[in-house]
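Thanks for coming, everyone. I'd like to walk you through one model today, so let me put it up on the screen.

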Amino acid sequence: MKAVVIGAGSWGTALARMLAQKYPQDTVTLWARRPEAVESMTVNRQNDAYLPGVLLPESLAFTYDLAVTRDADVIVLAVPSHAVRQTAAALASYVSSDTIIVSATKGLEQGSLKRMSQVIGEELPSLASQIAILTGPNHAEEVSREHPSATVVAAPTKAVAEYVQDLFILPYFRVYTNPDVIGVELGGALKNIIALSAGIATGLGFGDNTKAALMTRGLAEITRLGVAMNANALTFAGLSGIGDLVVTCTSSHSRNHRAGVQIGQGKTASEVQAATSMVIESIRTTQAAYQLAQHHAVSMPITTAAYQVLYEAKHPKEAVLELMTRGRTHEVEELAFGQTAW
């Protein structure tokens with residue numbers, strides 16, 4: 001087998017480590033954009049910039065040359081969402097007709113508002129049926145240290161989903177499959193908005209009640225948009241929905257939550273992003289989700305409030321007040337009084 005992971009951030013590095021660990025006799029390569037990063041990982045067997053303290057297998061190779069993907073059996077894309085289209089286009093001259101593409105990027109493309117598998121499929125149309133999505137409550141810092149974790153793989157066909165399931169499953173990494181590509185991708189992307197919002201609440205000095213309300217009502221609006229976009233509502237009760245939502249809203253590893261804390265404490269989104277080399281996907285995703293909600297006429301009050309804070313300079317406390325004083329509504333819109341059993 002020949003496998004290449006594109007993107008040497010924390011998650012890409014963790015995935016490459018897993019594959020090299022599981023298939024030490026095969027060819028597993030991690031591609032990094034910067035030559036100096038390749039040299040550092042080759043010499044030190046660590047990704048000091050993004051995953052310090054985690055040793056990488058001796059069998060794992062490193063490169064900054066995309067030609068390494070030529071005739072690869074599997075290519076894992078773990079680049080930021082804004083780089084997915086350009087990266088997929090660059091792969092077009094190397095991939096073969098039976099290459100499996102695994103998208104490990106959580107986000108929506110700004111402008112087109114498309115999911116990552118749609119973006120990849122447009123640039124690699126001959127492989128559209130061979131694109132899988134790997135997503136779930138998986139912090140690279142914990143997976144790379146072999147903490148028991150679970151994830152989900154979605155794909156257009158059962159064969160592709162199960163191939164990727166078998167590829168990544170390990171004693172510490174349990175992999176499930178799901179045919180709902182739309183729901184799985186949306187869950188992984190939209191939860192970052194709620195994590196950012198939960199961080200803002202923490203930065204404002206609010207407690208667990210606030211965070212629980214944001215997570216619960218955030219899941220409700222994620223599900224509403226997902227269903228409007230033809231996803232299955234049940235998907236959002238799974239690993240890519242509530243699972244990813246919980247871990248991203250509560251973990252110290254979550255860069256989106258950390259960004260929200262700083263915004264709640266008075267920094268702007270631009271200041272927060274400029275202070276880190278890591279991409280804070282929630283900032284871009286909030287804008288795309290806000291536009292999708294308008295396009296599909298779906299009520300997403302938390303997403304709207306986050307958009308106003310990020311892009312319209314609304315003070316977070318004012319946004320919270322408006323959320324809390326909106327007109328009254330039902331918790332579950334589909335249920336009507338007199339229809340439930342007592």
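**A walk through the model**

Okay, let's begin with the record: an unreviewed UniProt entry annotates residues 180-320 as "domain: Glycerol-3-phosphate dehydrogenase NAD-dependent C-terminal". UniProt positions are given in the numbering used here, feature names are shortened, and annotations may be inferred rather than shown by experiment. What you're looking at is a predicted model, where local features need pLDDT of at least 70, side-chain atom pairs count only at pLDDT 80 or more, and totals for chains, interfaces and linings use all residues. Residues are numbered from 1 along each chain as its sequence is written, and side-chain values use heavy atoms, with hydrogens and water left out.

So what is the chain doing over residues 180-320? That stretch is 73% helix and 0% strand, and its end C-alpha atoms sit 33 Å apart. Helices here are DSSP runs of H or I with at least four residues, strands are runs of E with at least two, and both are numbered from the N terminus.

Now, the sheet. Two strands pair if DSSP finds at least two bridges between them.

Zoom in on β4 (residues 74-77) and β5 (residues 100-103): they run parallel and are joined by four bridges. Within that pair, L77 stands opposite S103 in β5.

Is K191 buried or exposed? Buried, with a relative accessible area of 6%. The cut-offs: buried is under 20% relative accessible area, exposed is over 50%, and partly exposed is in between, using a 1.4 Å probe and protein chains only. Leaving aside neighbours within four places in sequence, K191 is in contact (heavy atoms within 4.5 Å) with K106, I222, D244, L245 and T248.

D244 and K191 meet through their side chains in a salt bridge, at 3.7 Å from N to O. This pair links distant parts of the chain, with D244 in helix α9 (residues 239-250) and K191 in helix α7, 53 residues apart. D244 is buried too, at 1% relative accessibility. By salt bridge I mean a side-chain nitrogen of Lys or Arg within 4 Å of a carboxyl oxygen of Asp or Glu.

How many salt bridges are there in the whole structure? A search finds twelve. Another one is R85 with E122, where the closest N and O atoms are 2.9 Å apart. R85 is in helix α3 (residues 84-91) and E122 in helix α4, 37 residues apart. R85 counts as partly exposed at 22% relative accessibility, and so does E122 at 39%. R85 and E122 also belong to a salt-bridge network with E109, K114 and E123.

Last topic: the nonpolar cores. A nonpolar core is a set of buried Ala, Val, Leu, Ile, Met, Phe, Trp, Tyr and Cys residues joined through side-chain atoms within 4.5 Å. The largest has 43 residues, and W11, L19, V76, F168 and F173 touch the most other members. Helix α1 (residues 10-22) gives the most to this core, with seven residues. Apart from it lies another core, of 29 residues, among them L113, I182, L214 and A231.

L214 sits in helix α8 (residues 208-228) and counts as buried at 11% relative accessibility. Not counting residues up to four places away in sequence, L214 touches I194, S197, A198, A201 and I302.
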